[in-house]
Amino acid sequence: MTAERITAAFPTATYRLQLQPGFPFPAAEAAVPYLASLGVSHLHLSPVLEAVPGSTHGYDVVDHARVRAELGGEEGLRALARTAREHGLGLVVDIVPNHMAMSPRHNHALWEVLREGPSSPYARWFDVDWEAQGGQLLVPVLGGPVGEVLGQLAVDGDVLRYHEHAFPLREGTADLPLPELLDAQWYRPVWWRLARTELNYRRFFSISELIGVRVEDPEVFEATHAKILQLLHEGVVDGLRVDHPDGLADPDGYLARLHEATGGRWTVVEKILADGERLPAGWPVAGTTGYDALRQVDGLFTDPVGAGELLDGYRRFAAPQTDRGGDWAATVRRAAYKVLTHELAAETDRLTRAATRACATSPDPALRDRAPWALRIALEELLVRMRVYRPYTSGDAAAVVTERAAEEARSAFVVPEEGGAVDVVRGLLLAGGDGPGPAEFRTRFAQTSSALRAKSVEDTAFYRYVPLLSATEVGGAPGSPGVSPDGFHAYCARVQRDWPLTGTVVTTHDTKRSADVRAALAVLTECSERWADVLTEVTRDGAAVPDAQLAWAAWQTVFGLGPAAPERVQGALLKHVREAGLYTSWTEQEPPYEEAVASFVAAGPCGAPGERVAAFRASLAAHVRANVLGTALVHLTMPGVPDVYQGTEGEFRALVDPDNRRPVSFPPEHPGEKDAVTAAALRLRARRPGVFGATATYAPLTAEGPAAAHCLAFARSGDVVTAVTRLSLRLAAAGGWRDTVLPLPPGRWADVLAPEREFTGHARVAELFEGLPVALLERVVGGGDENDGH
């Protein structure tokens, strides 16, 4: 959308705080003076509404009408807002429209639905298929089949209890024998394993503890947004981050309603864009939360040739297992099949029922006669070929459910004539069709597609395809991880033109590795042969390897992370193998394999061989530094509104959550170079908002000379120049900067990072990067148009 549609003041930069019981509103309030001095304009808060007690993230909302008591309640939030205002800061908050916690004893609305069934006024809140499972909502909490755990269920007054779980009893059922009582309720507690195949409510991805909410219903929207809107209109909150809009039935309608209700406040959406995908132009938002920017920034510091060499090295290293993670497209396809038939089997069943109903209402006999099994195969074959998260309308379905995908899907049928089911499904998506059946089908297809993409790519394939771990990041493109300077400039020009107030990030609570870890890993693309030699050394007499894929990932993990407590590495790699789901998983754990992984990690990456990796990392410290500082400066000065994740203004080396949610100190205990670069860039943004804002300009600057490709530079609004070093190890091997120069726009330019240094005309890059591998230049007022060199 255009910037004019954002009617309220927009941030110049935000700072993300992870609120939790151990870091509540008063702790955030105490950090305000430091954060204000850093140069950000707004604090970006994780969800603030009432959540499951003890939640460390807040995305498991249980009450939209209350600010979370464990954080300090509404008065604590208002106190934080007042203190922030006194220091010139506003607040942006995370909202979660897609789901709530499946925790009846904490979620009052859900409690009422379980007690009263579909006649409850709250029944419209939740996305439940009441026609399935005999009209009972399945609650997957039991530790085994109901017959085996029946003795652990107990009636307590008008409540049914199972360990820490509590459920309401339907009126008049308390005195029934347990088997009859279970049949008489509007719900049925079942073995948690049945969530895979029999669940009849929409979840967040495959997380049964989070139940989908129907915010497409105007009454549900109003009830679930009233408190947030009140806080917005009373000036406590200034902007919003919308969590996972792709899970909604109608993202377009939801965002339009939200835009109207907020009065056009600055709002960004957590939309993951595939490589080359564009944000829907009609969405009334400022843009995305910034994972598309992350992919661009990371790609700048990745050598595509070296990435290919690492892939070749990985295939040799794991020769017997090249079918598991040696080809990106194949890895994604296999992961998608696995997720559809396992984690999302219940969702696939529901989608098939929707397709069957849509066909049944058609006047065309050929559609009415389609067998459900054929429709299911067609759906699976089309879904696994989706290259984006979802279509949004029947109009854009043709672009994402392509004829090529349909042709491939038809070939999956043993009997060619049955392949016509693919055309039926595609026709329902593209042509739309009248009536509730086709409309329901289109909605279910989009929601299932979204869940599948997230689970198969981010939560499975990213843990199976391991040649370069820094490329397996949210929004990333592991199959083509490098981004050329021209490609980056084109992206930035497009963002400045179309979405100038979009969010940008390089580290978040969802990133699998922090930006600094990924920056270190990217250096391996510049020295793949040396890395191969290191691996040969550490594996020659090392610990027993449970599988080569895991070993490759483990050695890269300790290289990227650097010195760290062994338990952090162990925790991340245990999560890695469970998410990959090749030998163990969260639901089908294999203790012998997991014990072998733990033994290998302790004796290898976290043992004596790991010291060799640490020494190799230390030998590359200058190049890691160049990537770390370059990533930070590019992120903070490129088009968009940068979001700084807590603690990342300085060195921040973290792995996947919960490692990246560890508490940080305010102010940092030992500030260093990155802190200084970050503060300088943020303060410049605060001092010169027009240079970086909605009406700013972006212009690539091209270096000249033998090492020109290693200097990435751009000007913002003709008044600020960013220049960074890329692929510094390759640069050193080629002989350094030599006579390379960077032509600057007319005028005199002072280095914000070293104000005593000034440049004009064609600046020698070796001098520009004399102290740091990055430079941030600001035009000197009244500097004239000298062009006679430095």
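Modeller: Helices (H or I, at least four residues) and strands (E, at least two) are DSSP runs, numbered from the N terminus. This is a predicted model, in which local features need pLDDT of at least 70 and side-chain atom pairs count only at pLDDT 80 or more, while totals for chains, interfaces and linings use all residues. Residues are numbered from 1 along each chain as its sequence is written, and side-chain values use heavy atoms, with hydrogens and water left out.

Colleague: How many helices and strands does the protein have?

Modeller: The protein has 29 helices and 24 strands. Its C-alpha trace spans about 90 × 60 × 55 Å along the principal axes.

Colleague: What does the radius of gyration say about the protein?

Modeller: The radius of gyration is taken over C-alpha atoms, and the globule rule is 2.2 Å times the number of residues to the power 0.38. For 790 residues a compact globule would have a value near 28 Å, and the 27 Å of the protein agrees with that.

Colleague: What share of the residues counts as buried?

Modeller: A residue is buried under 20% relative accessible area, exposed over 50% and partly exposed in between (1.4 Å probe, protein chains only). Of the 790 residues, 61% count as buried. Accessible areas come from the Shrake-Rupley method with a 1.4 Å probe, and for residues only the protein chains shown count as cover. The protein exposes about 28600 Å², of which carbon and sulfur atoms supply 54%.

Colleague: Which residues account for 74% of the contacts with a separation of 6 or more?

Modeller: Contact means heavy atoms within 4.5 Å. Among contacts with a separation of 6 or more, 74% come from residues 24 or more positions apart.

Colleague: Where is V139 placed, and what does V139 touch?

Modeller: V139 belongs to strand β7 (residues 137-142). Its relative accessible area is 2%, so V139 is buried. Beyond residues up to four places away in sequence, V139 touches M102, F167, Y187, R188, P189 and V190.

Colleague: Is E343 buried or exposed?

Modeller: E343 has 18% relative accessibility and therefore counts as buried. E343 is located in the loop between α10 (328-341) and α11 (345-360). Its contacts, leaving aside neighbours within four places in sequence, are R196, R203, S206 and K338.

Colleague: How many residues of helix α8 are buried?

Modeller: Helix α8 (residues 291-300) is mostly covered, with ten of its ten residues buried. Among them are Y291, R295 and L300. The cover over these buried residues includes β16, α18 (485-498), β17 (503-504), α19 (515-522), α25 (621-637) and β20 (711-716).

Colleague: How many aromatic pairs are there?

Modeller: Rings of Phe, Tyr and Trp (its six-membered ring) pair if their centres lie within 6.5 Å; planes under 30 degrees apart count as stacked, over 60 as edge-to-face and the rest as tilted. By this rule there are 24 aromatic pairs. One of them joins W283 and Y392 edge-to-face, at 5.1 Å centre to centre and 85 degrees between the planes. This pair links distant parts of the chain, 109 residues apart: W283 is in the loop between β15 (266-269) and β16 (287-288), and Y392 in the loop between α13 (372-383) and α14 (394-400). Both W283 and Y392 are buried. Elsewhere, Y15, F23, Y34 and F666 form one aromatic cluster.

Colleague: Which peptide bonds are cis?

Modeller: Most residues other than glycine have a negative phi, and most peptide bonds are trans. Here, the bond from D657 to P658 is cis, with omega near 10 degrees, and the bond from F666 to P667 is cis, with omega near -10 degrees. P658 is found in the loop between β18 (641-645) and α26 (673-687), and P667 is also in the loop between β18 and α26.

Colleague: Which residues other than glycine have a positive phi?

Modeller: Among them is H163, with a phi of about 50 degrees. H163 lies in the loop between β9 (159-162) and β10 (165-168), and its relative accessible area of 56% makes H163 exposed. Another is F205, with phi near 55 degrees. F205 sits in the loop between β12 (203-204) and β13 (207-212), and with a relative accessible area of 12% F205 is buried.
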